[in-house]
Amino acid sequence: MEKGVKRWLVDTSKWNPTPHDFSSALFVLPQHERSSITRFLRMEDRKQALVSRLLQYALIHEVLGIPYNEIVIKRTFEGKPYLECSKVGVEFPNFNFNVSHHGDHVAIASEPLCLVGVDVVCCIKPEKESVPEFIENFSSYFSSLEWDNIINTGTSDEILVDFYRYWCLKEAFVKAVGSGVAYGVDKVEFHHTNWTNISVKVDGEPLTEWRFWLFKLPERHWVAVARGHPRFATENYKRTISKAEFDAEEYHKGLNLPNVAFVTRIIEQLIPVSHGEEKAN
């Protein structure tokens, strides 16, 4: 199952495509994906949307061996992407993935059995208000314990970083279960020891069948990964996975798979060789 655990990252600030290069990469994707990218007006938004889609197709192709033109990615009502496929097999009983982008980075994570959620944040300093004023706008999303930890952590910059760390963990969790931002994130409370040994409580109850990791990235970016039990998936998302219940031994094989570091990819690695050959001919 370990082959199904992937963590990839693209720094979009390092990709400055010509119109021809952008168009060539865009035409790797099916028409409906292309239109969802070109609807954006800003080039930066188009770039991130394109890289997000390419990461999904490239990862599915590498893990499952499905040709790009046979990959069908759909989205739940809440917007979580999933692979529509009957070819996953017993090695990956619940193959699923999640993507995120913020600032300069786009990340993708996949799991073969457990639910997976990923969230990237860029610790952007507010321009028109102080850090305390800025984070106060989001205070209702945090438990009293989390909020006390944030506001008492130190300098304004340290407060901002802690705010974003908690935020991306919460987002990774709700994205893993497939609920989106509508989920009561104020009921999701994170505990940690210097941002290791991270655990979560929901409505005060510890969720022992979950694991979380937080990675520091360049240029004030952070990325969080959540891995958890399929039984916590929303009803809409549960319909897209093969199996929601496992015996304890089978589930813990998936839960305790080694977590892997994020691997940096460049755009050329996300485009199939056959596509490049076609363009050259």
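Me: Which residue's side chain meets Asp-162 in a salt bridge?
Reply: Quick heads-up: this is a predicted model, where local features need pLDDT of at least 70 and side-chain atom pairs count only at pLDDT 80 or more, while totals for chains, interfaces and linings use all residues. Residues are numbered from 1 along each chain as its sequence is written, and side-chain values use heavy atoms, with hydrogens and water left out. A salt bridge means a side-chain nitrogen of Lys or Arg within 4 Å of a carboxyl oxygen of Asp or Glu. At 2.7 Å, N to O, the partner of Asp-162 is Arg-165.

Me: Where do Asp-162 and Arg-165 both lie?
Reply: Helices are DSSP runs (H or I, at least four residues), numbered from the N terminus. The two residues are three apart, about one turn of the helix, and both lie in helix H6.

Me: Is Arg-165 buried or exposed?
Reply: Buried means under 20% relative accessible area, exposed over 50%, and partly exposed in between (1.4 Å probe, protein chains only). Asp-162 has 7%, so Asp-162 is buried. Arg-165 has 16%, so Arg-165 is also buried.

Me: Which residue in helix H6 pairs with Glu-146 to link distant parts of the chain?
Reply: Glu-146 sits in helix H5 (residues 144-151), and its partner is 24 residues away in helix H6 (residues 156-177). Glu-146 counts as buried because its relative accessibility is 0%. The salt bridge, 2.9 Å from N to O, is made with Lys-170.

Me: Are H2 and H3 roughly parallel or antiparallel to each other?
Reply: Their axes (lines fitted to C-alpha atoms over the stretch in contact) are compared by N-to-C direction, from 0 to 180 degrees. Under 35 degrees counts as roughly parallel, over 145 as roughly antiparallel, 65 to 115 as roughly perpendicular and the rest as oblique. Helix H2 (residues 31-38) and helix H3 (residues 43-64) come within 8 Å and cross at roughly 150 degrees. The pair is therefore roughly antiparallel.

Me: Which residues does Thr-38 touch, not counting those up to four places away in sequence?
Reply: Thr-38 lies in helix H2 and, at 33% relative accessibility, counts as partly exposed. Contact means heavy atoms within 4.5 Å. With those sequence neighbours left out, Thr-38 touches Leu-26 and Arg-46.

Me: How far apart in space are Thr-38 and His-61?
Reply: In sequence, the two are 23 residues apart. C-alpha to C-alpha, the distance is 24 Å.
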